[in-house]
Each structure stands twice: as C-alpha cells, then as structure tokens.
Amino acid sequence: MSDGLEDVVAAHTVLSEVDGAAGRLVMRGHSLDELAGHTSFEEMAALMLDGFVPDLPAMKDLPAALGAARQELFATVVQEAVIPVTLGPVEMIRAMTALVPDGEDVGTVLRLLAAPAVFTAASLRLRQGLAPVAPDPSLSQAADTLRMLTGKAPTKQQAAALDTYLVTVADHGLNASTFASRVVASTRAGLVSAVLAGIGALKGPLHGGAPGPVIEMLDAIGAPGNARTWLETALDRGDRLMGFGHRIYRVRDPRADALKGAIRRLGADSGRLALAEAVEQAALAILRERKPNRTLETNVEFYTALLLEALGFSPDSFTCVFALGRTTGWLAHAKEQIAGGRLIRPQSVYVGPQPRQAA
C-alpha cells in the first residue's frame, strides 16, 4: 500500500480521465484540445453536470440563471456579510461560501457555480479598499468576473482567455480537492460543504496554491539572459522550481499548451511571454541534466500564472480563480458520488504499539 494512495481506485467516474503516460486529458468524452478555446464556462458546466442535475436550466437559459445567482449572492453575502479584509483571498472566499445555505438542489448548484466569481472579485477589491462591483447578469460568467474585478467591461479576447482557463481546469481526475469533495458529499452533508472541502484542499501549496510563486520566480529572473544562472542557483539551494513536474503526468502537461495558446491569442505583453519561454527552456534543460532519471516537464501552473497575471489577477488570488473553474468538477463529482449512495470509508493499517498483556 502507498501512503499517497497511488494506483488505488477509489471511484468509477464518467467525468474525466487523466492519461499521465500519454499526456492526455478527457472530460465527458471530449479531449482537452476539443474543449479549450472552443467552450465557454457555461457550456462546460452544462457538459459536466449533464445527467446529474436534471432540472439544470437548458443551455440557452443557463447564462441568465447564473447571472441571477451572481446578483443574489452579491445582495445576500457580499453586501450583508462582515468579512475581515485582513484574511487572504482564499480565506475570504471560503468564509463567504460558508454563508451560502447548504443543499443539493439546482438552486444550490447555481449559487455555487456563481459564488467564486462574485466572491473572488469582491474580496480583491475589498482588500484594496475599493467597493465591490455589482454583477451584470447580462454578461457571461467569465466577462462578468473580469468586470467585477476591474470595474470596466473586458474585451472579447480577455473574456475568451478566462473561459479557456476555466474550462482547462474544470476537472482533472481524482485529485486531492475533488477526492475531498467526494468524501464530504458521500456523507450527504450538502453541496456547499463538499465545495468548502474542495476549497480547503485547493488552498494547499502542493495542490492549487503553487501558481503564485511562478510570478515571483519570473520577477526575480528579470531577463531571459539571467534564467540559467538563477535557476541553477535555486536548485543548488535545494529549492523546487515552481511550474515543473506533476504527480501524474510523465510527459508535458497538456493544459500547459492550452494556456500558452490562450496567452498568445490574448495578445498580452510579448516581452513577458518571451521571458517565460526562456525560463521554461532553461529549466527543462537543467532538469534533464541534473535529474536524468526523472521526467519533469512543464505543468499547468507555469502558464496559469502568466495568463491570470495578464488578466489582472494578483498572484495571491490565483487559487481563487482555480476554484472558479474547478467548482464545476467538484459539483459534478459530488453529484456522481451522491447518486452512487455509498459512504466513502477506507481502511487503515495500524502500525503503532500493541497494548501490554497482563502477566
């Protein structure tokens, strides 16, 4: 038995498959290449939840239903709750999400799909001393997220870039946060509780909390010519290079290329992209030289950082935006687990001391 549960099958799912050897991600029968850049947040939510939420609004009505849910959450949580701005962004969205009434109905699903968009934008503005911006229910979720963040309407390219990110990270097998969500859902605690478990797991730097340090690394390197020296010095100190290596993938993470393409289509700062590409090339070369027996390729975090920075999100909020995309998967997995009806209760092997027997 592995302490990390590698190779242990804990669920049978129709939601996603991660082929680490081939570098392939499939969600509901569609490859990532088919979905990323071609699918909106709303379309992805409808695809993932298909069959699990029978009364989910039809696709033509779903954007408006999500817009109404954003309005409701803004009025009942953002404008009413007193959330300390001294908390970090992830702690703020977790606290706000905890105020959403729990349940398993379609209303709860809609509120939870909308919640990270409203709460992320509001928390970042509150931390800057700015008033939260009320949602515009006529906009798509991606466009309204950016509008609530900046106070101005995004371009079509910006909204499309955020849609690409949210679709790319919507689901990814039985990762730590998804497993946590399924465990809580299996107790029938409610979907809000399941999503809160996902947020708690995603907060950890070994799961969803890593993209921010990629920006710190790029800032420290500064120019393409500095990349190799900086990276080698970091490895000599025993540091981990953020944005490289993955628990599952033994080849390049397909999500990295999907997000790199989104950055190019966005037309963001070409100098920043050139720096990132130089750092990526140098890092991969050094890792092959120093660790020839390990496959350490670019992962989703590397270009996530660059894309979200270009869209105006601060590094400490990257995990919140990850939650905005991944909540779709958490809800689908929670619903799938509830439909199965089985409480998740694995066994453990006791390796502690045995009680002394009386003489």
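Modeller: Contact, or touching, means here that heavy atoms lie within 4.5 Å. The model is predicted, so local features need pLDDT of at least 70 and side-chain atom pairs count only at pLDDT 80 or more, while totals for chains, interfaces and linings use all residues. Residues are numbered from 1 along each chain as its sequence is written, and side-chain values use heavy atoms, with hydrogens and water left out.

Biologist: Which residues does Pro63 touch, not counting residues up to four places away in sequence?
Modeller: Pro63 lies in helix 3, where helices are DSSP runs of H or I with at least four residues, numbered from the N terminus. With a relative accessible area of 26%, Pro63 is partly exposed, a class between buried (under 20%) and exposed (over 50%), with a 1.4 Å probe and protein chains only. Beyond four places in sequence, the residues touched by Pro63 are Glu42 and Pro137.

Biologist: What distance separates the C-alpha atoms of Pro315 and Ile215?
Modeller: Pro315 lies in the loop between helix 14 (300-310) and helix 15, and, leaving out residues up to four places away in sequence, Pro315 touches Gly212 and Ile215. Although Pro315 and Ile215 are 100 residues apart along the chain, their C-alpha atoms are separated by 7.1 Å.

Biologist: Are helix 7 and helix 12 roughly parallel or roughly antiparallel to each other?
Modeller: For helix 7 (residues 156-168) and helix 12 (residues 254-266), the axes come within 9 Å and cross at roughly 175°. Angles under 35 degrees count as roughly parallel, over 145 as roughly antiparallel, 65 to 115 as roughly perpendicular and the rest as oblique. Helix 7 and helix 12 are therefore roughly antiparallel.

Biologist: What arc do the buried residues of helix 4 cover around the axis?
Modeller: The buried residues of helix 4 (residues 89-97) are Pro89, Val90, Met92, Ile93, Met96 and Thr97. The arc is that of the directions from the helix axis to the C-beta atoms. These residues are on the same side of helix 4, because they cover an arc of only 160°.

Conventions. Axes are lines fitted to C-alpha atoms, for helices over the stretch in contact, and angles run from 0 to 180 degrees between N-to-C directions. Helices (H or I, at least four residues) and strands (E, at least two) are DSSP runs, numbered from the N terminus.
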